Amino acid sequence: MSDRVADDAISLVRRLTRHLNRKVSDIVLLLLNHKSAGSFGAVAGLAIAVVFTWKFLRSPPDRERRRTPKRSVLPSANGGPSSGVAAEDPPTVPNLRDSDGVQENGSPYELSLGQIVRKRLGGCRKVTCQLLGVILEEKNPEELQKHATVRPSVVEVLHEITKCCDFYLMERVLDDESEERVLSAMENAGLFGSGGLNRDKVLFCSTENGRISFVRQIEADWHIDSNLDIISQLTRFIRCQLYISSDDLGQIAPNVITSTSLEQYLSQIS
């Protein structure tokens, strides 16, 4: 509304200016027809007056008004408005239900087994693991000459390890038949194929030193074993080791962790 009034006023001023210009031109022509000194003086004075009037009328008022940007006022801690700071979008909070499995009832979120395994292994690339006493029920190579049984409680943990690491299994055996029994037991437990384990990464040797050689050649980040002597020999070369033992031996070395079983360590969040 105010802009329309200003436009009308400016248009009126311009029409008056044009009208005055025509009148002044007529007067100037009339005076020029009478060439006396007084006439020239009157013409000069009139011309000066017309110039100043024309400049005044030609400077219209500023049509554009500066608009002060509106600011959203943030409430302060005491409930009142803050000191004119523009409001910003709040930071996006990740959905913990999707990432960390928060329970629907609002209780503290629980990590899935896969997330716990990745957290425990600390982003390592290669993991090596003994079979006897860790993956298998059997405790020594002599038992493998008769039978081989995969521990059911470790199967799901092994699946999760293979999803995030290059995983190798190894054991000392006394004959080729023992190798076949172990591979057959692992096949029956569903560890190969869709289970994630690679059959070619199950390694066998005839001595305990052979297992040490395997681990060092693979350059594992983690090694899991139930033989304390092997754990001790590998301490200088492996970043982290998990010693499987039913005995609580305390802190063996800064980079050695003791647990009663593989699944017990990898399935519980610290």
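Visitor: Which side chains meet in a salt bridge at 2.8 Å, N to O?
Guide: A salt bridge here is a side-chain nitrogen of Lys or Arg within 4 Å of a carboxyl oxygen of Asp or Glu. This is a predicted model; local features need pLDDT of at least 70, side-chain atom pairs count only at pLDDT 80 or more, and totals for chains, interfaces and linings use all residues. Residues are numbered from 1 along each chain as its sequence is written, and side-chain values use heavy atoms, without hydrogens and water. At 2.8 Å, N to O, the pair is Arg211 and Asp225.

Visitor: Is Arg211 buried or exposed?
Guide: Buried means under 20% relative accessible area, exposed over 50%, partly exposed in between (1.4 Å probe, protein chains only). Arg211 has 0% relative accessibility, so Arg211 counts as buried.

Visitor: Which residues do salt bridges with shared partners join into one network?
Guide: Arg172 forms a salt bridge with Glu208, with the closest N and O atoms 3.4 Å apart. Arg211 pairs with Asp225. Shared partners give one network: Glu171, Arg172, Glu208, Arg211 and Asp225.

Visitor: How far apart are the closest N and O atoms of Glu187 and Arg199?
Guide: Glu187 is partly exposed, at 43% relative accessible area. Arg199 is partly exposed too, at 39%. Their salt bridge has its closest N and O atoms at 3.1 Å.

Visitor: How many salt bridges does the count come to?
Guide: The pairs include Glu187 with Arg199 and Arg172 with Glu208. By the 4 Å rule, the count comes to eight.
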